[in-house]
Amino acid sequence: MNSAVVPLQAIAFQIVLLLTAIAVEAFTFYQRLDISRKKSVEYAVSLNLLSTVVGWLAFFNLQLVLSPNLKRQLLEVIFFDRWDSNIVLVILIAFVTFFASFLIKLQALNLLQLLLKEGKEEVSQQKSRRYKSLIRSRDDVLEPPKQANAILMANAFSYSAILLILLLRILLQTNPTEVLP
Amino acid sequence: MKSFFTFLWKIWFIEAALNGLKALWKRLQEIQPYSWETLLLLSLFSWLVAWLIEDPVLREVASSFGWIFLIFGVSWALSGKKLPLPGIQINYGPWVTGALICIFLFREQILNDSFSTALVIWPLISASIAALRRFIAPGPTYKIPDPPGRQDIVIVLLFGILLSCWIQFYFVVQNWLADYPSLLAESFRQSNFVVRLDSDSIDPPQGILMLNSAEAILQNDLAGRPWGAVELWLMNLDSEKQELESEAKASIARFEESQWWNLDMFILQGQPDYTLQLQAIWRGPSSQPQGYTIGKTCALRQISTRTVRGAGSPSTVVSTQVTCDPVVLPEALRVRN
């Protein structure tokens, strides 16, 4: 049974939020990691696409195993934009999503850099880096690695930007519809 | 005179057809053995063979070869072709090839006859084809793409998966609506996720089915029964209600949403004889904080019928008549946006 109910707004919102997150994170990467503008955008695109896709897959699997009550709340959110009964849950999910996406992006950036390495010269570089890291290991323990820090900041900034957009949307939306009797 | 013209027309037609065949033959002769045209010809040839073969298995094999040649031929022909749009560069070749592969997989029943799976994996397959093209070096041999190429592959693949996720979400929404058809009774105008394209048609909620089924059960159980039996039935209204609910719910039990429907029944005060108020109560996902209630009233009336039994004197039997009003929808469902 296929009806004419299409998740167009969900896709449109996702595009807007993704573009925002990519812009914010690319800027943060450019500032905090020593990489070119092009590379920072490519990193931001890859990491955000990956975390979005992982999010979708988690969502598809979770919605299958929801309890009846949670499923009712999910359907109310999606079809009728009713968030009233589950604000605490939403905040909890937002926190979990934030840290999950941070971990995913952190791993993904390591993987991506491994994948994008040049053939031979990189190996020697890696060796010297490992050697360096042996020397500096004590410093590394004390200060968090630059990369993880950059990703944490980027993630925080992009989530803040998204939150701002969502708040703006709520502020702009409530007036015209709620005034009607 | 007329026949002369038809004669001329025929000659011209034959001539044109011959010229066309000649041109085609010339074109066919020009085809390089190592080109996409060869593959398309092989595909046509396979289908011709499949058409001629009687044996179903061999026929299937030949037609599969036809598809495979077609897929390779088309992907070769369209490789590097870009949409003639200013500013945007989109290789549409992988999309066409991916669509062909999905149709092929669907037709060969590799996907369990699931059209949705074919649609969902389309972007995924197209992205994979686009990625694979970077492994082909002129020659043709294969090569490992350089780092910028690898970066492109990562983005293209992830983007393909994201598109697949969006299509999958459409089908998830369809599944929800199939499990909860009463959602369609309300407007989705408030939604920030889905939009209803046929916004004028608001479907009736399943509670109507349940009420109608309850009415049919009441008619069956009470209509024509002696009035005394009905009064006895009314005394046990609470236990009768539960039985009626479970029986009426059977009409919608195939839907997951039936767990959120409840049936209530009570006697309306201040009415002649007995007037039963039936209510289908929806506590499932709704735009209304407390859900909504659909009502139906059924009047139980005494009617006297004279019956003549055997040789005895005519006696008056008071039996019951059940008349129900149409379903009354709540305000929330009557408002059509």
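**Entry 1: a salt bridge in chain A**

I looked up Glu42(A) and found its side chain in a salt bridge with Lys38(A), 2.8 Å from N to O. I took a salt bridge as a side-chain nitrogen of Lys or Arg within 4 Å of a carboxyl oxygen of Asp or Glu. The model is predicted, so I kept to its limits: local features need pLDDT of at least 70, side-chain atom pairs count only at pLDDT 80 or more, and totals for chains, interfaces and linings use all residues. Residues are numbered from 1 along each chain as its sequence is written, chains are lettered from A in the order in which they are written, and side-chain values use heavy atoms, with hydrogens and water left out.

Both residues lie in helix H2 (residues 37–62) of chain A, four residues apart, about one turn of the helix. Helices here are DSSP runs (H or I, at least four residues), strands likewise (E, at least two), numbered from the N terminus. I then checked accessibility: buried is under 20% relative accessible area, exposed is over 50%, and partly exposed is in between (1.4 Å probe, protein chains only). Glu42(A) counts as buried at 15%, whereas Lys38(A) counts as exposed at 56%.

**Entry 2: other salt bridges**

I noted 10 salt bridges over all chains. In chain B, Asp152(B) pairs with Arg134(B), closest N and O atoms 3.1 Å apart. Asp152(B) is in helix H6 of chain B, and Arg134(B) is in the loop between helix H5 (115–132) and strand S1 (136–137), 18 residues apart. Asp152(B) is partly exposed at 29%. Arg134(B) is also partly exposed, at 34%.

Next I checked Asp264(B), which forms a salt bridge with Lys241(B) at 3.1 Å between the closest N and O atoms. Asp264(B) sits in strand S4 (residues 261–267) and Lys241(B) in helix H9 (residues 237–249), so the pair ties together parts of chain B that are 23 residues apart in sequence.

**Entry 3: a buried glutamate**

I went to Glu25(A), in helix H1 (residues 8–32) of chain A. Glu25(A) is buried, at 1% relative accessible area. Its side chain makes a polar contact of 2.8 Å with that of Ser158(A). A polar contact is a pair of N or O atoms within 3.5 Å; within protein, one must be able to donate a hydrogen and the other to accept it, and residues adjacent in sequence count only if both atoms are side-chain atoms. I also listed contacts (heavy atoms within 4.5 Å). Beyond four places in sequence, Glu25(A) touches residues including Lys105(A) and Asn155(A). Asn155(A) lies in helix H7 (residues 146–179) of chain A and is buried at 0%.

**Entry 4: where the chains meet**

I counted 47 residues of chain B in contact with 50 residues of chain A. The two chains bury about 4600 Å² between them, 69% of it on carbon and sulfur atoms. Buried area is the accessible area (1.4 Å probe) that two parts lose on being put together, summed over both. Trp166(B), Trp176(B) and Asn192(B) supply 17% of the area that chain B buries against chain A, more than any other three residues.

I found one salt bridge across the interface. Lys71(A) meets Glu256(B) with the closest N and O atoms 3.2 Å apart.
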